[in-house]
Structure formats: structure tokens, C-alpha cells
Amino acid sequence: DNKWIWNGHFPPFYSTCIAIVAFLLKLPVLWASKLVNWLAAGWLLLIVGRSSSIIHPLSVAILLCCGICLKLWVHTWSEPLFICFLLLWIHYYARGIQTHFWQILLVGSLLILTRYIGAFLIVFVLIHGVVIRRNDRSKAFLLGFSWSMLIASVLLINYYLSNEIYGGPRF
């Protein structure tokens, strides 16, 4: 039976990145997954290195290559990509929602599309932007609304393709 079955247990971004790298570089999927994680780390180091005088890229590289992080990087898991996006998101958010809105929106969207837990950004941004930093209210609401629509879209696609919002039966 060659029936196509949707599996949306994980958001689509990590799998899509692996497929693109495997296709473009003619690599086996296993090696492409590792390359995606290392490319994400390199991208993070490049951006942090070019735009920060406080955080030296070497300190981020040491963090990414120590202990448990190194173990994550050698496996085929989406956590390394998620961690890179999370560190990048923190980098932009710490610099200000007013001046880095589009970077915060984009990287936050990639966090959500990499792991469903990325949805925690909605709660964080609404609490921080509305309650603590009142001058960021409108942008915080816009970020929260945009990310809520993104999550709703992924869940609706899952439901449409599998009749379950989380993308079908697990096993």
C-alpha cells in the first residue's frame, strides 16, 4: 500500500532545511541533517560576531561545543537549530523591539516552525512587552498576534492533512 501519510508531529522547518541541503549537495539525509545544524551554528556566530561588541563569537562557539551541546550537535535532532535561533532571537530582542522588530518577528517565526515549544515567545513577549515595558505594547501585540496566526496555520494544515491538530497518530 503506497498511501501518502502526513506526519506533522514536528513543525516543518527543520525537515525542510534537511531536504533542501540533501537535494542541493546530493548528500544522504543523515549527513545533511548534521550539516544543517553546523550551518546554523556558523550563521549564529557570523551574526553575533558582526553585530556585537559585548558577546565575542569565540565565547558563543565555546558554549556551542561544550558538553551537552556537542552531544546535541552530533545527533540528528532539531534542538541545535532551535538553540541557534533562540540565541539569535535573544540577541535581537535584547537590542530592542522597537529597532529590531523585523528580525525578532522572523527569527521568532523560525523558532516556532522549528519546534512547537517556540510558542513560548508569545507569552514572554506579551508579558514583557505589555506589562514590564509599556512603550513596547503595540509591537508586542503585533508579534503575539503574528505568531499565534502562524501556529494556528500549522495546526490547521496538520488537521487538514491528518484529521488531528498535532499531525496524526504518533506510532
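1. A word on the basis. This is a predicted model, in which local features need pLDDT of at least 70 and side-chain atom pairs count only at pLDDT 80 or more, while totals for chains, interfaces and linings use all residues. Residues are numbered from 1 along each chain as its sequence is written, and side-chain values use heavy atoms, with hydrogens and water left out.

2. Overall fold. The protein has eight helices and zero strands, so from the N terminus on the elements read α-α-α-α-α-α-α-α (helices are DSSP runs of H or I with at least four residues, strands are E runs of at least two, numbered from the N terminus). Along the principal axes, the C-alpha atoms fill a box of roughly 55 × 35 × 30 Å.

3. Packing and surface. Of the 171 residues, 40% count as buried (buried is under 20% relative accessible area, exposed is over 50%, and partly exposed is in between, with a 1.4 Å probe and protein chains only). Among contacts with a separation of 6 or more, 62% join residues 24 or more positions apart; a contact here means heavy atoms within 4.5 Å. The accessible surface is about 10,400 Å², with 72% belonging to carbon and sulfur atoms (Shrake-Rupley method, 1.4 Å probe).

4. Charges. I find 12 positive and 4 negative side chains, and the centres of the two sets lie 13 Å apart. Lys and Arg count as positive, Asp and Glu as negative, and His and the chain ends are not counted; each charge is placed at NZ of Lys, CZ of Arg, CG of Asp or CD of Glu.

5. Helix α8. Does the length of this helix agree or disagree with its residue count? At 1.5 Å a residue, the 26 residues of α8 (137-162) should span 38 Å, and the end C-alpha atoms are 37 Å apart, which agrees. The expected span is 1.5 Å times one less than the number of residues. Buried residues of α8 include Leu143, Trp147, Ile151 and Leu155, and the buried set packs against α5 (79-95), α6 (101-114) and α7 (120-132).

6. Positive phi values. Please look at two residues other than glycine. Lys26 has phi near 55 degrees and sits in the loop between α1 (13-25) and α2 (29-51); Lys26 is exposed, at 63% relative accessible area. Just after α8, Asn163 has a positive phi of about 65 degrees, and Asn163 is likewise exposed, at 59%.
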